[in-house]
Amino acid sequence: MKVTFPHMGNMYICVKALLEDMGVEVVVPPQTSKRTISLGTRNSPEFACLPMKVNIGNFIEAHELGADTIIMAGGVGPCRFGYYAQVQREILKDLGYDYKMVVLEPPEKHISELLGNIRYVTGNKSWFRVIKALRLAWYKARALDELEVWVHRLRPREYQKGEADRVYGQAIRDIDQAKSCREVLGAAAKAGQKFGEIQADWTKKCLKIGLVGEIFVVLEPFANLNVEKHLGELGVEVERSIYLSEWINEHLFMGLLRKVKSSKEARKSARPYINHTVGGHGQDTIGHTVLYKQEGFDGVVQLAPFTCMPEIVAQSVLPKVSRDYNIPTLSLVVDEHAGEAGVMTRLEAFVDLLTRKAEGKEGVNL
Amino acid sequence: MKKRVGIPRALLYYTYYPLWREFFTSLGAEVVVSSPTTKGILNQGVKKAVDEACLPVKLYYGHVMDLIGKVDYLFLPRMVSVEAKTYICPKFLGLPDMIRHNVDNLPTLIDVNINRHKNDNQLYGAVYQVGKMFSANPYNIYAAFNRAIKVQNRYETLLQQGILPFEALSVLERGDGGDKETATPQQGKDLTIALVGHPYNIYDNYISMNLIEKLKTMGAMVMTPEAVAPEVVEGEANKLPKKMFWNMGKKMVGSAFHFLNRPDVDGIIHLAAFGCGPDSFTGELVEREVRRKKTVPFLNLTIDEHTGEAGIVTRLEAFVDMIRWKAVSQ
Ligand code: SF4
């Protein structure tokens, strides 16, 4: 059995750790690239959402490397994510691939379905082994999230452009290599020190932009055309509404760990605008926008895959939130045709607007 | 003066109108339906909605706007779920919010939550909440709802007999039994084509570009998912590896699988709306199954606000010709 899984930002590091720690052979799909997306697009329904297409591309490329089993998360609606695996299975079948798919999702009838699925992958490893592996994956997720907070702060402030990203790149590799929780903590500490040594202008007052939207495109730089990095280079400090560890808690641990507080708060703040869950992160998108304003942010960028239903609901009411709270927002809808240059232009214009607004210039209305 | 309640002629209008109308009129209200779809109605919706929205939602905006100034209330329930463990679509969950925050000068919105995802007990709570706006008498509300259910059941019975919604509505309107006179709607055709899609796409003549009429003129009898018995849909949909959590999606897949196995169905057309999330998945599941079986010709049509009538006609004619040639060559 050679197990693969879909990419989503740095998630591969955690899933790989989880599986390898239990002695499962893993095939990490090649990093998502143009080729991945074009393979995925060619073999998926035209109006499927981008994450679904990218998954297909990952599966095809992993198959080329010998993978025979897919492990992925599922759901129970209302958004399409909960039916990805079933549609993907049909697509892969018609491609002639003999993939076994293990879907981790809330069981339809009984918890034994879920346990059975986990058992399929773990074999007869003791639950103790499984828990130890989960713990390692969790440590890695937390460490990776922390690194990103550093990079977001440093990018707009460092004197020598690119230094933070260099340290970040090395730290990711170290965390990937770490074999125990202890080593993960060590790698994180080392990275923290390196980040601390970077010469940066900590007195600089940067524009602050919150990133909200659908989780896959928020977490996958290749899909969002490196939005975070570009904003950093434009002198903006970015904060993300969603982190990897939250997703892992929700989908791999079935929410066993405490619900992340911020998500609850966000949904509450969204109520006057979207008074009901709409699936995915639709409500969070609105709620986080409100919260970012309250925390003094200058603007919000919404990232959404083309045709993403929950985000369309959010996008529809976002202009109202923006007017009511006087916070500029920019909705970036991405699909397989999106180009980095176009996104850059829109980001520049947006940052420009925020700068003028921050300087208190007259006539800057939304 | 009677209170006027507006119902947009879009989305679930085609599915629940008889129920809604009977309920409101029994409570002494006057029901006003927006005008049939026109280019103007569609355009004003397209302008208001975000570009990314699906065609039916854009059209819904247009119908809402058509009712402004003509009614005191706008019936815009949040249709979360109409059947246990299923949803309709995320956009239905957010529809009242999308409308409220984008359309100006709205009349009072009646936006109760209709949610049967967990159980049925909550439904009457929602009904009562709406009823209270029109009657202080709980018994009247209860009676109005019962009458509404009866009318809705008759409507669904008519649909099950293969009568199309607009015909069924006029049967109800006339108030006669209707069942017999109209039960033989289509005869003297040499082909049967199954048309699968959301009711609000296939039965809106403007949106579907009169697809059903066109097929009839080409000599085809048309069958739609509304005529497939719920048990049959359920049975066929159970062949999916996992329960489908969109009830309309389930109906489409279930009835498409059913049509696929019927010897009297000569071809299947899937009508999808541009930008529709569930359609992109259900259409894919159906299309792959059909192509694997290779027994029934299949046509996938996607419509958006720019679709030209000429293109559709050409594709329909080619499809129908192909089916006829196939019949001859066998
Ligand atoms: S089911 Fe499709 S067409 Fe209907 S509202 Fe949802 S996305 Fe739009």
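A residue counts as buried when its relative accessible area is under 20%. In this predicted model, A:Asp284 has 6% relative accessibility and is therefore buried. A:Asp284 belongs to helix α13 of chain A, which spans residues 282-294. Beyond its neighbours within four places in sequence, A:Asp284 contacts A:Ser263, A:Ala266 and A:Arg267.

Chain A also holds an open sheet of 4 strands. The strand order is β2-β1-β3-β4, and the pairing is parallel. Strands β2 (25-26) and β4 (100-104) of chain A form the edges, each pairing on one side only. Helix α5 of chain A, residues 111-122, packs on this sheet. Helix α5 touches β3 and β4 of chain A, and its direction makes about 130 degrees with that of β4(A). Within the sheet, β1 (residues 2-4) and β3 (residues 69-73) of chain A are joined by 2 bridges in the parallel sense. A:Val3 lies opposite A:Thr69 of β3(A).

In chain B, helix α2 covers residues 39-48. Its buried residues are B:Ile41, B:Leu42 and B:Gly45. These residues span an arc of only 95 degrees around the axis, so they lie on the same side of α2(B). An α-helix has 3.6 residues a turn, so residues three or four places apart point the same way. The buried residues of α2(B) pack against α3 (55-67) of chain B. The face of α2(B) turned away from the buried side carries B:Lys39 and B:Lys47, which are exposed.

Terms used:
Residues are numbered from 1 along each chain as its sequence is written. Chains are lettered from A and ligands numbered from 1 in the order in which they are written. This is a predicted model: local features need pLDDT of at least 70, side-chain atom pairs count only at pLDDT 80 or more; totals for chains, interfaces and linings use all residues. Side-chain values use heavy atoms; hydrogens and water are left out. Buried means under 20% relative accessible area, exposed over 50%, partly exposed in between (1.4 Å probe, protein chains only). The arc is that of the directions from the helix axis to the C-beta atoms. Contact means heavy atoms within 4.5 Å. Two strands pair if DSSP finds at least two bridges between them. Axes are lines fitted to C-alpha atoms, for helices over the stretch in contact, and angles run from 0 to 180 degrees between N-to-C directions.
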